[in-house]
Amino acid sequence: MEKVRIHAFISGLVQGVNFRFYTQQKAKQLGIKGWVRNLKDGRVEIVAEGDKDAMEEFIRFLKRGPPLAKVLNCEIEKEEYKGEFKYFDIIY
């Protein structure tokens, strides 16, 4: 299975709506490793690694977000897979 890595920036109503929690739960469900954090400018940043098929489903989730979120923009950059994460963490 091909392994991939993404670096994502999500904007819209994405802070204060449990976006990080739901993102962590979805990542764990899909076996994706990495992290998510809020940025001071109101966006959410994600770095994630995993199997290509799982990552495609994860990206679909990021584009719509959890129930209370309103995603206006989802910037996804593909990066070189490094295999550096053991878990999917929320960074505070």
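Visitor: What makes the residues of α1 and α2 count as meeting?

Guide: Contact means heavy atoms within 4.5 Å. By that criterion, Phe 19, Tyr 22, Thr 23, Lys 26, Ala 27 and Leu 30 in α1 meet Ala 54, Glu 57, Phe 58, Phe 61 and Leu 62 in α2. The contact of α1 with α2 divides into 8 nonpolar, 1 polar and 2 charged residues. In that division Ala, Val, Leu, Ile, Met, Phe, Trp, Tyr, Cys and Pro count as nonpolar, Asp, Glu, Lys and Arg as charged, and the others, Gly among them, as polar. The model is a predicted one, in which local features need pLDDT of at least 70 and side-chain atom pairs count only at pLDDT 80 or more, while totals for chains, interfaces and linings use all residues. Residues are numbered from 1 along each chain as its sequence is written, and side-chain values use heavy atoms, with hydrogens and water left out.

Visitor: Why is α1 called roughly antiparallel to α2?

Guide: Angles under 35 degrees count as roughly parallel, over 145 as roughly antiparallel, 65 to 115 as roughly perpendicular and the rest as oblique. The angle is about 160 degrees, and therefore α1 is roughly antiparallel to α2. The crossing of the two helices is right-handed, a term for the near helix being turned clockwise from the far one by less than a right angle, whereas anticlockwise gives left-handed.

Visitor: Why is Lys 26 called buried?

Guide: Buried means under 20% relative accessible area, exposed over 50%, and partly exposed in between (1.4 Å probe, protein chains only). Lys 26 has a relative accessible area of 14%, so it is buried. Lys 26 lies in helix α1 and touches Glu 57, Phe 58 and Phe 61, not counting residues up to four places away in sequence.

Visitor: What makes a set of residues a nonpolar core, and which residues have the most contacts inside the largest one?

Guide: Such a core is a set of buried Ala, Val, Leu, Ile, Met, Phe, Trp, Tyr and Cys residues joined through side-chain atoms within 4.5 Å. The largest has 25 residues, and Ile 10, Phe 19, Ile 32, Ile 46, Phe 58 and Leu 62 have the most contacts inside it. At least two residues each are supplied by β1, α1, β3 (44–51), α2, β4 (70–79) and β5 (88–91). The largest share, 6 residues, comes from α2. Leu 62 touches residues including Ile 6, Phe 19, Ile 46 and Ile 76, leaving aside those up to four places away in sequence.

Visitor: Why does Lys 78 count as exposed?

Guide: Lys 78, in strand β4, has 73% relative accessibility and therefore counts as exposed. Lys 78 and Arg 5 are 73 residues apart in sequence and 5.9 Å apart in space, C-alpha to C-alpha.

Visitor: Is Tyr 87 buried or exposed, and how do you know?

Guide: Tyr 87 has 57% relative accessibility, so it counts as exposed. Tyr 87 is placed in the loop between β4 and β5, and touches Lys 33 and Gly 34, residues up to four places away in sequence not being counted.

Visitor: Why is Glu 84 described as partly exposed?

Guide: The relative accessible area of Glu 84 is 46%, and it is therefore partly exposed. Glu 84 is in the loop between β4 and β5 and touches Arg 5 and Glu 49, not counting residues up to four places away in sequence.

Visitor: What is the backbone feature of Asn 18, and why is Asn 18 called partly exposed?

Guide: Asn 18 has a positive phi of about 65 degrees although it is not a glycine. Its place is in the loop between β1 (3–13) and α1. Asn 18 has 48% relative accessibility and so counts as partly exposed.

Technical notes. Axes are lines fitted to C-alpha atoms, for helices over the stretch in contact, and angles run from 0 to 180 degrees between N-to-C directions. Helices (H or I, at least four residues) and strands (E, at least two) are DSSP runs, numbered from the N terminus.
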